[in-house]
Amino acid sequence: MTKNTKKTSKKVATQAAKTLNDKNSSKTAKSLAASALAQSRNKKQTGADMEDLASKVIKSNKYNDETKSLAGSVLSQSNKTR
C-alpha cells in the first residue's frame, strides 16, 4: 500500500479550527474539519469513509465553498491506491 505523506496546510487548518468552533457549522463540515486537522501535524491518511463523504460534498451543490475546500484537502490526503 502506497502511503500519502501530504499534510493539511496552515491556511486549511485555520479554516478547519474555525469550522469546529462555529456552532452554525454542519455536522458534515465539522467531520471534514476534524479529519483535516488530524492530518495537519502528522502523516495520517484519510480513511475510506471520509474519502466517500468528501467526494459526495465536492459533487453536491448543497455545500458552500469552505466545506468544499475542507473536502478537497481531505481527499488530497487519501490513500493513493484507492
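**Exercise 1.** Against which helices do the buried residues of H3 pack?

*Solution.* The model is predicted, so that local features need pLDDT of at least 70 and side-chain atom pairs count only at pLDDT 80 or more, whereas totals for chains, interfaces and linings use all residues. Residues are numbered from 1 along each chain as its sequence is written, and side-chain values use heavy atoms, with hydrogens and water left out.

Begin with the element itself: helix H3 spans residues 48-59, helices being DSSP runs of H or I with at least four residues, numbered from the N terminus. Its buried residues include Met50, Glu51, Ala54 and Val57, where buried means under 20% relative accessible area and exposed over 50%, with a 1.4 Å probe and protein chains only. These residues cover an arc of only 130° around the axis, which puts them on the same side of H3; the arc is that of the directions from the helix axis to the C-beta atoms. The buried residues pack against helix H2 (27-38) and helix H4 (65-76), contact meaning heavy atoms within 4.5 Å. The face turned away from this buried side carries the exposed residues Asp49, Lys56 and Lys59.

**Exercise 2.** Determine whether serine 73 is buried or exposed, and state what it contacts.

*Solution.* Serine 73 is found in helix H4, and at 9% relative accessibility it counts as buried. Leaving aside neighbours within four places in sequence, serine 73 is in contact with Thr8 and Val12.

**Exercise 3.** Describe the setting of glutamine 15.

*Solution.* Glutamine 15 lies in helix H1 (residues 10-21) and is buried, with a relative accessible area of 16%. Not counting residues up to four places away in sequence, glutamine 15 touches Glu66, Thr67, Ser69 and Leu70.

Conventions
Helix = DSSP H or I, 4+ residues; strand = E, 2+ residues; numbered from the N terminus. Expected span 1.5 Å × (residues − 1).
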